[in-house]
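Here is my note on the model you sent.

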Amino acid sequence: MKKILITRKLIKESEEKAIKTFDPILNTNDELYSQSKVIEMSQGCDGILSSLTEKLDKEIIDKLPDSVKIISNFAVGFGNIDLEAAKKKGIVVTNTPEVLSDATAEIGILLILGACRRAAEGIDSAKEGGWKWSADYLIGKQLTGTRLGILGMGRIGQKIARIAKSLGMIIHYHNRSKLSEDKEQGGIYHDNIKSLFSVSDVLSICCPATKETENMINKETVEYFPKGAVITNVARGDIIDDEALIDALSRRKIYAAGLDVYKNEPNLNPGYLKIKTAFILPHLGSATKDTRIAMANLAIDNIDEFFKTGNCKNNVN
Ligand code: GLV
């Protein structure tokens, strides 16, 4: 049986599946392993089932034992892994696409609603008590008739578009290429971000973090938005230059933000905590039981498929 290091504790059903499928090293205390601990624990292992909390950069990948042939990431995103370094060392990297699209799109919609309808301020007021209702109390941005820009129209973006359309939003999107009509959800395609941002009353970031998308929201590009736009991010923190967004929020160029992901998670930029209109969540995108089980099962199946066939359909490098 293949020996696999599983870096984080999985839901019980998934750990049972892992025990049936291979000889796993489980993390029963769900300790956050340091990079040196990952290297130490992976000695003699054939593969690693990693999670987004481990940064597997070139330095650590180069130090992994030669016996490690696969890193199966328990996430659809793989920005935590240096794909090139893995490839050079002959390590296949896989991810868990599709199974988390619905759950993540739900959080994407929550971010849009929460930011537009001032949920963060509303929750604070409700808890404090004694708020005074008035005709203009906590007036928010109504979604009906509002333009939603979607940056990255993959499976999650398409699902957000479908739900947002049913809420009366008008969909615009930017993607590497224009989608076929059946996938566009009636959305209007923009072949560049300036054009998309300039019509986005609300933006939903759904694209992967890559060298091209890193800091795509920055000092220059926040100026492309209509005044008072809302920016939401269900993808990865690396896509936003935090200082630029916090500055735009402070001067009300950007009215509100809805964020589930951050650079240097869980240590988000403290500037966000001072912004009343920042509706912030602790990376809950895929956090439902069904989804987490489906993701872990797929991460296990990816390893199994790789060792049985020498290939894996979810190979990303
Ligand atoms: C979650 O953020 C994932 O990439 O799976």
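**Notes on the fold**

1. G258 stands opposite F279 in β12. The two residues belong to a pairing in which β11 (residues 254–259) and β12 run parallel, with three bridges between them. Helices (H or I, at least four residues) and strands (E, at least two) are DSSP runs, numbered from the N terminus; two strands count as paired if DSSP finds at least two bridges between them.

2. On the basis of the note: this is a predicted model, in which local features need pLDDT of at least 70 and side-chain atom pairs count only at pLDDT 80 or more, while totals for chains, interfaces and linings use all residues. Residues are numbered from 1 along each chain as its sequence is written, and side-chain values use heavy atoms, with hydrogens and water left out.

3. β11 and β12 sit in an open sheet of seven strands with parallel pairing, in the order β8-β7-β6-β9-β10-β11-β12. Its edges are β8 (188–190) and β12 (278–280), each of which pairs on one side only. From one strand to the next the twist averages 20°. Axes here are lines fitted to C-alpha atoms, for helices over the stretch in contact, and angles run from 0 to 180 degrees between N-to-C directions.

4. Helix α5 (residues 101–116) lies across β6 (147–151), β9 (202–205), β10 (229–233), β11 and β12, at about 145° to β11. Contact means heavy atoms within 4.5 Å.

5. An open sheet of five strands, with parallel pairing, has the order β2-β1-β3-β4-β5. The edge strands are β2 (23–25) and β5 (92–94), each pairing on one side only. Within this sheet, β1 (residues 3–6) and β3 (residues 47–50) run parallel and are joined by three bridges; I6 has L49 of β3 as its bridge partner. Helix α11 (residues 289–309) lies across β1, β3, β4 (70–73) and β5, and runs at about 155° to β4.

6. The chain is divided into domain 1 (3–98 + 288–309) and domain 2 (101–280), with bounds that come from an automatic or database domain assignment. Seven residues from domain 1 and four residues from domain 2 make the contact. The C-alpha centres of the two domains lie 31 Å apart. About 520 Å² is buried between domain 1 and domain 2, and carbon and sulfur atoms give 51% of that area; buried area is the accessible area (1.4 Å probe) that two parts lose on being put together, summed over both.

7. Some backbone geometry deserves a look. Most residues other than glycine have a negative phi, and most peptide bonds are trans. The bond between E265 and P266 is cis, with omega about 0°, and P266 lies in the loop between β11 and β12. N264 is in the loop between β11 and β12, has a positive phi near 50° and is exposed at 62% relative accessible area. R118, in the loop between α5 and α6 (119–128), has a positive phi of about 55°; at 18% R118 counts as buried. Buried means under 20% relative accessible area, exposed over 50%, and partly exposed in between (1.4 Å probe, protein chains only).

8. How many disulfides does the structure hold? There are zero, a disulfide being a pair of cysteine sulfur atoms within 2.5 Å. For C45, the nearest cysteine sulfur is that of C312, 18 Å away; C45 is buried at 0%. The closest cysteine sulfur to that of C206 is in C207, and the 7.7 Å between them is too far for a bond. C206 is also buried, at 13%.
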